[in-house]
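Q: I have a model open on my screen and would like to learn how to read it feature by feature. Could you walk me through it?

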Amino acid sequence: MVKEFVAYCRKLLRVLNELETALENDEINSAKRIVKELKEDTQKDIEV
């Protein structure tokens with residue numbers, strides 16, 4: 001369980017870094033896409 005949580009946190013950090021970069025570059029559509037994908041992935045993880 002801990003191993004999976006660490007893996008999820010690493011993935012989350014990568015996505016948050018992508019999101020931060022998109023926002024810094026005023027890439028709003030890209031940022032919206034990243035947030036949407038993150039929400040979908042999180043929902044799938046919850047349902048497992």
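A: Happy to! Keep in mind that this is a predicted model. Let's begin with a charged pair: K11 and D41 form a salt bridge, and their closest N and O atoms are 3.3 Å apart.

Q: Why does the pair K11 and D41 tie together parts that are apart in sequence?

A: The general idea is that side chains of opposite charge can pair when their charged atoms come close. Here K11 belongs to helix α1 and D41 to helix α2, so their bridge links parts that are 30 residues apart in sequence. K11 is partly exposed, at 34% relative accessible area, and D41 is partly exposed too, at 28%.

Q: How many salt bridges does a search of the whole structure find?

A: The search finds two.

Q: How should I read the spacing of E37 and R33 in helix α2?

A: An α-helix has 3.6 residues a turn, so residues three or four places apart point the same way. E37 and R33 are four residues apart in helix α2, or about one helical turn. E37 is partly exposed at 37% relative accessibility, and R33 is partly exposed at 40%.

Q: Now for the inside. Which residues make up the largest nonpolar core?

A: To read a core, look for buried nonpolar residues whose side chains are joined. The largest one here has six residues: V15, L19, A22, A31, I34 and L38. For a close-up, pick A31: leaving aside residues up to four places away in sequence, A31 touches L19, A22 and L23.

Q: What covers the buried residues of α1?

A: V15, L19 and A22 are buried in α1, and their cover includes α2. As for its length, α1 has 23 residues and reaches 33 Å from first to last C-alpha, close to the 33 Å expected at 1.5 Å a residue. Just after α1, D26 takes a positive phi of about 55°.

Key:
Residues numbered from 1 in each chain as written. Predicted model: local features only at pLDDT ≥ 70, side-chain atom pairs only at ≥ 80, totals over all residues. Heavy atoms only, no water. Core = buried A, V, L, I, M, F, W, Y, C linked by side-chain atoms within 4.5 Å. Buried < 20%, exposed > 50% of the residue type's maximum accessible area, 1.4 Å probe, protein only. Contact = heavy atoms within 4.5 Å. Salt bridge = Lys/Arg side-chain N within 4 Å of Asp/Glu carboxyl O. Helix = DSSP H or I, 4+ residues; strand = E, 2+ residues; numbered from the N terminus. Expected span 1.5 Å × (residues − 1).
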